[in-house]
Amino acid sequence: MTAGATARERWLAPGRSVFRALRFLMTRVTLRDSDRPRSSAATAVPIGSARPRAVHRLAFATAAATFAGIVTGGVVTSTESGRVDTNWPSFDGNVLPSFSAMAQNDGLLVEHGHRLLMASVGLLALAIPIVARCCGESRRRVRVLAICLPFLVLPPAILGGLTVLGGLHPALSILHVAVAMVFVSAVTAVSVLTSRVWFEAAERYGADSLEASARERLAKNISGLPAIAATATAFIWVQIVLGAVPRHATADVGGSTMLMVGNVVHIVWAFAVVTIALFLAGRVLGRLSKVADLLRPAAGLFVLLLVQVFLGFATFISQPKAPAPVVDEHPGFVASGSHEALASVHQAAGVLILLVSLVLTLRAFRIRDLCGRFDPAPATGGDPA
Ligand code: HEM
């Protein structure tokens, strides 16, 4: 440090050294020969010098933890365990939860378990942009998306707390579900954009790998698919929010009318979702069955949808005819039975369907961009035969 260094620089110097050391380590940990772009097609994509494996692993772990948290949240809703502890952000008035109390009380276990899982998701979301920076992730959209994550995790966290404080008001619970789906989709998108499949696509579908005729055929078969897949993903998000309407109706707010109208709209919209998702899966299975990166999520979407419709009907049939009143405070599970189990599984499958459709959408855009847009313009002049 020079004698002329300002007090501010002296304070910042240790932090900068730690940051540099961290960045060096990250690049060491994340660089692999197989991650470096090999062909000129690969270098055409602004991917920096290497695949940011640490970012991918962290984003994948965060997406998995978020999914686990959403499943736990679904159990909280089904069993109405949100009433076991009416305090927030404290755990029953304490800074930390009591693990012995959780072990003895199922309601407390899922309620506090959900809060703890989501708190760790918040910390992981905070780490993703830092790790992306340390790994030298150079793609602007990935960096911007990573920076957005800590901000996207805040609305579901705050709305979750307000739901507890607001006596499980349906409007807050429905909004909580809607924003939670946005966060889990964003973190899954970061995981997809940093995945091996994403990077290897440049080698598989780029100009250097495919012959002109094969590329043209692929461009023709994939044209329109990204738009269909994006629409299907948006339809599924709407379907999840609509599913929250009957699920969160209470005897005091909404009552039987909200339950019935919510059920009808959710079931009618299910037809739109099933139609577009089956059309999407059918198009991939029919025209792009050799493109494994699309075939796998498309087949997954197809199977999950069939299971989901069956689960949806079973949930509907087992549903109580009128919503129950919200109890002020309860020592454990308020409700538990076959309907609660079915509704929880149906909700978890719904989120999985959203994420599989998102993966398919992002990959469809990627491959379409790599093989070029199909130009159906007729040949000018020449022999029409
Ligand atoms: C096809 C795609 C479908 C998806 C993605 C989907 C998704 C969901 C989700 C995520 C929820 C829970 C929302 C929350 O917890 O806030 C839900 C609730 C519900 N869904 Fe579906 N659903 C689908 C189809 C169906 C079908 C076909 C039926 C019935 C015929 C159905 C009946 C219901 C019912 C009754 C609820 C409320 C459950 C309760 O009372 O707790 N769903 N849906």
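**Notebook: a predicted helical model**

I began at Pro-89, which I found in the loop between α3 and α4 (99-104). The model I am reading is predicted.

**Entry on the loop residues**

I stayed in the loop between α3 and α4, where Glu-80 also lies. I noted that Glu-80 has a positive phi of about 55 degrees, although Glu-80 is not a glycine. Is Glu-80 buried or exposed? I found 20 C-beta neighbours inside 10 Å, and a residue is buried at 20 or more, so Glu-80 counts as buried.

I then turned to Leu-168, in the loop between α7 (154-165) and α8 (170-193). Leu-168 is not a glycine either, and I recorded for it a positive phi of about 55 degrees. Leu-168 has 21 other C-beta atoms within 10 Å and is therefore buried.

**Entry on the whole protein**

I looked up the secondary structure next. The protein has 14 helices and 0 strands. Read from the N terminus, the order of elements is α-α-α-α-α-α-α-α-α-α-α-α-α-α. I also looked up burial for the protein: of its 385 residues, 40% are buried.

**Entry on helix packing**

I reminded myself that two packed helices are described by the angle between their axes and the distance between the axes. I took α13 (residues 292-318) and α14 (residues 338-371) to begin with; their axes come within 8 Å and cross at roughly 155 degrees. Angles over 145 degrees count as roughly antiparallel, so α13 is roughly antiparallel to α14. I recorded the crossing of α13 and α14 as left-handed. What classes of residue make up the contact of α13 with α14? I found 20 nonpolar, 10 polar and 2 charged residues there.

The crossing of α3 and α14 is right-handed, whereas that of α13 and α14 is left-handed.

**Entry on Ser-344**

Ser-344 is buried, because 21 other C-beta atoms lie within 10 Å. How far apart are Ser-344 and Val-71 in sequence and in space? I read a separation of 273 residues in sequence and 7.1 Å in space, from C-alpha to C-alpha.

**Entry on the ligand**

I finished with the surroundings of the ligand. Of the 28 residues around the ligand, I noted that Gly-243, Ala-244, Gly-312, Ala-343 and Gly-350 come nearest. Which helices each supply at least two residues of this shell? I listed α3 (53-79), α11 (225-248), α12 (255-287), α13 and α14. The helix that gives the most to the shell is α11, with 7 residues.

I then sorted the shell around the ligand by class: it has 14 nonpolar, 13 polar and 1 charged residues. Lastly, I looked up the domains from which the shell is drawn. Domain 1 (52-194) and domain 2 (210-374) each provide at least three of its residues.

Notes: Residues are numbered from 1 along each chain as its sequence is written. This is a predicted model: local features need pLDDT of at least 70, side-chain atom pairs count only at pLDDT 80 or more; totals for chains, interfaces and linings use all residues. Axes are lines fitted to C-alpha atoms, for helices over the stretch in contact, and angles run from 0 to 180 degrees between N-to-C directions. Helices (H or I, at least four residues) and strands (E, at least two) are DSSP runs, numbered from the N terminus. Angles under 35 degrees count as roughly parallel, over 145 as roughly antiparallel, 65 to 115 as roughly perpendicular and the rest as oblique. A crossing is left-handed if the near helix is turned anticlockwise from the far one by less than a right angle, and right-handed if clockwise. Ala, Val, Leu, Ile, Met, Phe, Trp, Tyr, Cys and Pro count as nonpolar, Asp, Glu, Lys and Arg as charged, and the others, Gly among them, as polar. A residue is near a molecule or strand if its C-beta atom, placed from the backbone, lies within 6 Å of it. Domain bounds come from an automatic or database domain assignment. A residue is buried if 20 or more other C-beta atoms lie within 10 Å of its own, exposed if 12 or fewer, and partly exposed in between; C-beta atoms are placed from the backbone.
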